[in-house]
Amino acid sequence: MSQATYNKMWRDAQKDLDIQLRREREEFLQPEKDRVKVFKMLAASYIKYMQIFRDLETAHDQLVHQQKRTAIRQVLDGVIGRILEIKKEMVELEKSECHYIDNILEDLKLLPEDIEVPVPRYFIKENLEVLQQREKILDQILLNTGLQTQKPVKAMTLEEAVKVIQVAERARQGRCRAKFMKKIYLAEKKERQTKPQVQMGPNPDDAATCIQKVWRGYIQRKKTEKMREEEMIFLGISLPPHLKATSISQMHAGQINPVQGEVQERHKEVFIKDKLRETEGLHIKETLQDQIGQCLIECRHIVGKFPDYPTEKAGGSMAILSQKTPEQVAAELAAKQEMALQEKAQKGKKEKEGKGKKEKEGKGKIEGKTSQKTGKKKEEEGWKMAPSNFLSIMEEGNSQYEAIWQNRDEGWDFLQDHDPELIKEEKRKELEEEIRVQVDELMQQKLENLKLAVDGEKSNKQKKGNKKKEKMTKRKKIPEMEEDLTPDRTIDSLYEELVEEGLLIKARTVNLTDYVGSQTVHEKAPVTKALLLAGPAGVGKKMLVHAICTEAGANLFNLSASNITGKYPGKDGLQMMLHMVLKVAKQLQPSVVWIGDTEKIFSKAVSKADEETSPRRLEKVLPKFLKALKAQDRVLLVGTTNRPFDANLKLFCKVYQKIILIPRPDYASRFVLWKHTILQNGGIITNLLNISCLAKLSDGFTQGHIIKAVQDVLSELRLLRMTRKPLRTSEFMTSLAQHDPVYQEEEETFKAWYAKTPLSKARIRTLGDSEKAEKGKTKGGIKRKKKN
């Protein structure tokens, strides 16, 4: 598709976003008591934002214009954040991770595929060089340590050897036949040349007609090509000749080395900035000095003395040059000084507050009662949307689009790569900020000289210096996990050691689209620090862990109990291991820390078979590990388990904030899985193979069982006989019967365990409250009828 198509996609997405933002201002600000209506509002907004997100992500990926991509990226980040906020509200409202919105999709005439969460492509593209370099280093370390061979040499089967020999023999025979035919052709040609030829001159009329025909055809083709080019230029599809040469050279340079093209763009921006510094730098500096000096003089005339110059944290000269009167500026500065004095006084009072703990406890009980009352009042008032952190980002991006891009004339911009005027505006602001810092230093010194000369005041630099020394002597207590135990080591050396010890492993290349199963799994994006994937063996828990790493380009750390056995022994060794993992994971983020069979860490009783692995080493350290992760760290702890009921549930829920139960696949998922796996492994589906029958008879089996059965049946020898002997249903059932299914007792055990988790308990409680409310309504209605 052309750039115009993606520009239109962006415009349509911005229009939909503007409508959605207006709708949120109207609907979400009003309290609502009907929970069903609230869920419909949230689900409709979720679907709409998802459509906007998909369009914006496609436009951002395909557009060439750098400034447009920057504008889209700002809005795109806000939309992604808003989707996560709405998803959180839906979970809190229904107390469930899985939502049924089929009715809303039918009303909007959409398919489930239309709201599938795509992974933004810029996750990988923006860090592609870093990820490729990291993968090369990891492969080299694995090769040096002997943990990975160069390329595994696969033993050749008899059928493959026969096939290779046949190909080589047929090629030899073809070459021999070609050589023989060439000899015959040359012999016939020699005979024709030796025969006497009767020389007869061509007819002049025929020769003239032939020449005319060729020449007229050539002229007409040239005219047609010229008319076509003029038509394309007129329609705006093609470029004029004077612009085509530059665009072809730029496209060729971009194809040769895209990174070099980006560097050239940056050099172009630096050149524009330097040009602005030469032409407008002196004028900007003089203007700022005049404005600041005039404002300081006006303040002295009104207040009676020169005000203190604002610090860098307060905004510097920006605080003075804001759109306020000198009286307001002076009042604000005085208010800030009073606030600083009040804060010092409050710090002194905190030491006295420790004596009155008992009084506070009594007050706490009273406050608890009042909070319960306020909670009930909130329930009576109805649901209200929590304040958003992303609405302001989307509104700002929307307003920038309306101001800059909505009605912008782009008829002159054939290349659609950048806008020099916008670059000038952006670089002019950067230049003003740089010059402002220099002017602030100069004007601050001038203000001190004026104070000494006019008011006779001294600066408070000495006092501030003494206070800074006092503050420097007080050292904050560093938490256990945040203390740097390896200050003298580089990240590369820590990375290499973790790879050699087998704690940092290479993730398999698995995409989320490769996970064929329940559709709801794709909609559950991990947004918390710790995520637990629970379910029977073979449902694809480990595959999802590798898919997260592949889609996000993340490192994979394996802290399973079986993997850390005998590594870094003792308490100090365990602390050093987790410190190294945390330091490398933060430095080379995004990262995923995976703990397989995580129920063993929190097990109620360690079995004799697991005593050697000492699985409970991480039990007390994991909460500290999670506490050391900050909001800005893109590090995710993922645990997988197929026996969660063996662990202590309270400790489980303290570590893993989000728990997702992955059940065995239903009929629809099994139908898709059978068909997809058979075709993927080279099978051919005919009328003799009943996929529906396979899906029904495989009830109780997991995705892993189905994949293993298909791989066992579709061997290389069976694929060779596929044309003569088509696949039958009974072949797969014989192989599937060799595996043990997930019995109903095990599935009920999983359901009973999940019912005890905090989210499931809250859901049961809300459902019980709603049933009681409905019964109360019905009883009230009956009594009223009896009275009537």
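These notebook entries record what I looked up in the structure.

**Basis.** I worked from a predicted model, in which local features need pLDDT of at least 70, side-chain atom pairs count only at pLDDT 80 or more, and totals for chains, interfaces and linings use all residues. Residues are numbered from 1 along each chain as its sequence is written, and side-chain values use heavy atoms, with hydrogens and water left out.

**Entry 1: helix 1 and helix 14.** I took helices (H or I, at least four residues) and strands (E, at least two) as DSSP runs, numbered from the N terminus. The axes of helix 1 (residues 3-27) and helix 14 (residues 391-405) cross at roughly 135° and come within 11 Å. Axes are lines fitted to C-alpha atoms, for helices over the stretch in contact, and angles run from 0 to 180 degrees between N-to-C directions. Helix 1 is therefore oblique to helix 14; angles under 35 degrees count as roughly parallel, over 145 as roughly antiparallel, 65 to 115 as roughly perpendicular and the rest as oblique. I then listed the contact (heavy atoms within 4.5 Å). Among the residues that meet are Trp10, Arg11 and Leu17 in helix 1 and Met394, Tyr401 and Trp405 in helix 14. The residues of this contact divide into seven nonpolar, two polar and six charged. Here Ala, Val, Leu, Ile, Met, Phe, Trp, Tyr, Cys and Pro count as nonpolar, Asp, Glu, Lys and Arg as charged, and the others, Gly among them, as polar.

Entry 2: I found an open sheet of six strands in the order 1-3-4-5-2-6, with mixed pairing; two strands pair if DSSP finds at least two bridges between them. Strand 1 (504-505) and strand 6 (658-661) are the edge strands, each pairing on one side only. Strand 2 (residues 530-534) runs parallel to strand 6, and four bridges join them. Leu533 has Ile660 in strand 6 as its bridge partner. Helix 18 (residues 541-552) packs on the sheet, and its direction makes about 170° with that of strand 4 (591-596).

**Entry 3: salt bridges.** I noted 20 salt bridges in the structure, each a side-chain nitrogen of Lys or Arg within 4 Å of a carboxyl oxygen of Asp or Glu. One of them joins Glu169 and Arg172, with the closest N and O atoms 2.8 Å apart. Because Glu169 and Arg172 are three residues apart in helix 7 (residues 158-194), about one helical turn separates them.

**Entry 4: helix 24 and helix 26.** Helix 24 (residues 703-713) packs with helix 26 (residues 729-736) at an angle of about 120°, their axes being 9 Å apart. I recorded six nonpolar, two polar and two charged residues in the contact of helix 24 with helix 26.
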